[in-house]
Each structure stands twice: as C-alpha cells, then as structure tokens.
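Hi everyone, thanks for coming. I'd like to walk you through one structure today, so please have a look at it while I talk.

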Amino acid sequence: MLIAQQKRKENIAEYLLYMWQVEDILRACSLDMDKVEDLLVKRFDTDEPTRTTIREWYENLVMMMRHEQLQTSGHLQINKNTLIRLTDLHLQLLNAVERFPQYHAAFYSTLPYIVELRAKSPDNPGELETCFNLLYAVMMLRLKGQEVSASTSQAVTAISYFVGLLAAYFKKDEEKPLFDDDGQE
C-alpha cells in the first residue's frame, strides 16, 4: 500500500507495473491472507495502526481478486481502469500533434515494435497494454536473472521512453488538466 501510494503519485506507469506484480504475488500466496501476512505485511517496519492499514489493503485486493475471479490470471478492474485512463490521455495527446510533437514522434517510432508484439499475442491487446505487457515480462525475466535478447532490449528501450513520456504527461494532466472535458486543448 505504501509503495503503491508513492508510485501512484510519482509515476503511473511504475504504479501499474507494481500493481500487476502485487496481483501475481497474491496469486503466489494462493490469495491466502495468512501467507500474505507472513510474506508481505510483516516485512513493513512500522507502527501497528499503519500495519493494520496495510493488512486491510491487501485483504481488499484479495477480496476483489476473488470477486473478479482472478485467482489464476488477469488484472483487477481498478488496474484496467488505470490503463483505460492512460489510453484516453494517449489518444488525446496523439490528436494534439501540434501541441505535443515529441509525444507523437515517440509513439510513431515505437509503433513498429508494438505492431510486431501484438501480432505475437493471442489475445490481441491494445497498444498500451502491449507496451505494459512487454515491460512487465522483461521485468519478470530480469528478476529471475534471465537474459533478454538484443532485439527485445531495443524494443524495451523505445517503449520505455514512450511510456515514460506518457506517464509524465499523465502527472501533468493530474496537476492541471491538459485538455477540457471534451478532450479539446
């Protein structure tokens, strides 16, 4: 919870990747709160009221995962909503090419990688989900100490830059909206 809150404030892309990792960790714990308590909650060196809040946060995630039937795979609706918000902003930024040329250029230089990755995916995710899927997969490979090919590293570099730019615009948009309610500049 504490890490998620901090990441949510600082970088929405890191937050989303972190939340996907939390989902996988909760699955690894079989959505069992005793295991979650031992593996996650107890590691926080904090006072008891904060620890209780952390425990409740994990319990709520576990309940949502059960309710949404995500015991083996998939993402919580709250995380899907974050991706939807990012996609909405992405489309607005693309439509405002004169105002955001750097974003437009970053996306179109990344697009060949996205197209290639989407072609390999059986469920045909959207453009941003494809980017996040790659970043998450590479993060998991690196955590396992596995090598990443040169071509994958090249794709990750381009996609990381693009997603980082989107995350920066997201933060600016939260501080002061970049567009009005109709998506206009």
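This is a predicted model: local features need pLDDT of at least 70, side-chain atom pairs count only at pLDDT 80 or more; totals for chains, interfaces and linings use all residues.

Residues are numbered from 1 along each chain as its sequence is written, and side-chain values use heavy atoms, with hydrogens and water left out.

Okay, let's start with histidine 90. You'll find histidine 90 in helix α5, residues 77–95; helices here are DSSP runs (H or I, at least four residues; strands would be E, at least two), numbered from the N terminus. Is histidine 90 buried or exposed? Histidine 90 counts as buried, because its relative accessibility is 1%. The cut-offs, with a 1.4 Å probe and protein chains only, are under 20% relative accessible area for buried, over 50% for exposed, and partly exposed in between. And what does histidine 90 touch, leaving aside neighbours within four places in sequence? Its contacts are Tyr103, Phe107, Glu127, Leu128, Phe162 and Leu166, where contact means heavy atoms within 4.5 Å.

Next up, arginine 27. This one sits in helix α2, residues 12–28.

Not counting residues up to four places away in sequence, arginine 27 touches Met65, Leu70, Gln71, Thr72, Ser73, Gly74 and His75.

Valine 138 is another one to find, in helix α7, residues 127–143. Valine 138 is buried, because its relative accessible area is 3%. Beyond four places in sequence, its contacts are Val148, Thr152 and Val156.

Now arginine 118, which belongs to helix α6, residues 101–120. Arginine 118 counts as partly exposed, because its relative accessibility is 25%. Its side chain reaches the backbone oxygen of proline 125 at 2.7 Å. Apart from neighbours within four places in sequence, arginine 118 is in contact with Asn124, Pro125, Gly126, Glu127 and Thr130. Glutamate 129 is 11 residues from arginine 118 in sequence and 9.5 Å away, C-alpha to C-alpha.

On to charges. Side chains of opposite charge can pair when their charged atoms come close. For us, a salt bridge is a side-chain nitrogen of Lys or Arg within 4 Å of a carboxyl oxygen of Asp or Glu. How many salt bridges does that rule give? The count is 9.

One of them joins lysine 42 to aspartate 38, at 3.1 Å from N to O. Lysine 42 is exposed, as its relative accessible area is 52%. Glutamate 48 pairs with arginine 55, and their closest N and O atoms are 3.7 Å apart. Glutamate 48 itself is partly exposed, at 44% relative accessibility.

Another salt bridge links lysine 120 and glutamate 116, at 3.4 Å from N to O. Both residues lie in helix α6, 4 residues apart, about one turn of the helix. There's a network, too: Glu37, Glu48, Arg51 and Arg55 are joined by salt bridges that share partners.

Let's switch to the loops. Most residues other than glycine have a negative phi, and most peptide bonds are trans. Serine 30, in the loop between α2 and α3 (33–39), has a positive phi of about 60° although it is not a glycine. Glutamine 69 is also not a glycine, and its phi is positive, about 55°. Look for glutamine 69 in the loop between α4 (48–67) and α5. Glutamine 69 is exposed, with a relative accessible area of 64%.

Last stop, empty space. Rolling a probe the size of a water molecule over the atoms shows where empty space is left. On a 1 Å grid over the protein atoms alone, a cavity is a set of points where a 1.4 Å probe fits but cannot get out, and lining residues have an atom within 4 Å of a point. Grid points are joined across faces, edges and corners, and the volume is the space filled by probe spheres set on the points.

The count is 1 cavity of 30 Å³ or more, and the largest cavity has a volume of about 30 Å³. Which residues line the largest cavity? They are Arg8, Lys9, Glu10, Asn11, Ile12, Ala167, Phe170, Lys171 and Glu174. Helices α1 (2–10) and α8 (150–175) each supply at least two residues of that lining, and the largest share, 4 residues, comes from α8. By type, the lining divides into 3 nonpolar, 1 polar and 5 charged residues. Here Ala, Val, Leu, Ile, Met, Phe, Trp, Tyr, Cys and Pro count as nonpolar, Asp, Glu, Lys and Arg as charged, and the others, Gly among them, as polar.

How values were computed:
On a 1 Å grid over the protein atoms alone, a cavity is a set of points where a 1.4 Å probe fits but cannot get out, and a pocket is an open set with protein on both sides within 12 Å along at least five of seven lines; lining residues have an atom within 4 Å of a point. A polar contact is a pair of N or O atoms within 3.5 Å; within protein, one must be able to donate a hydrogen and the other to accept it, and residues adjacent in sequence count only if both atoms are side-chain atoms.
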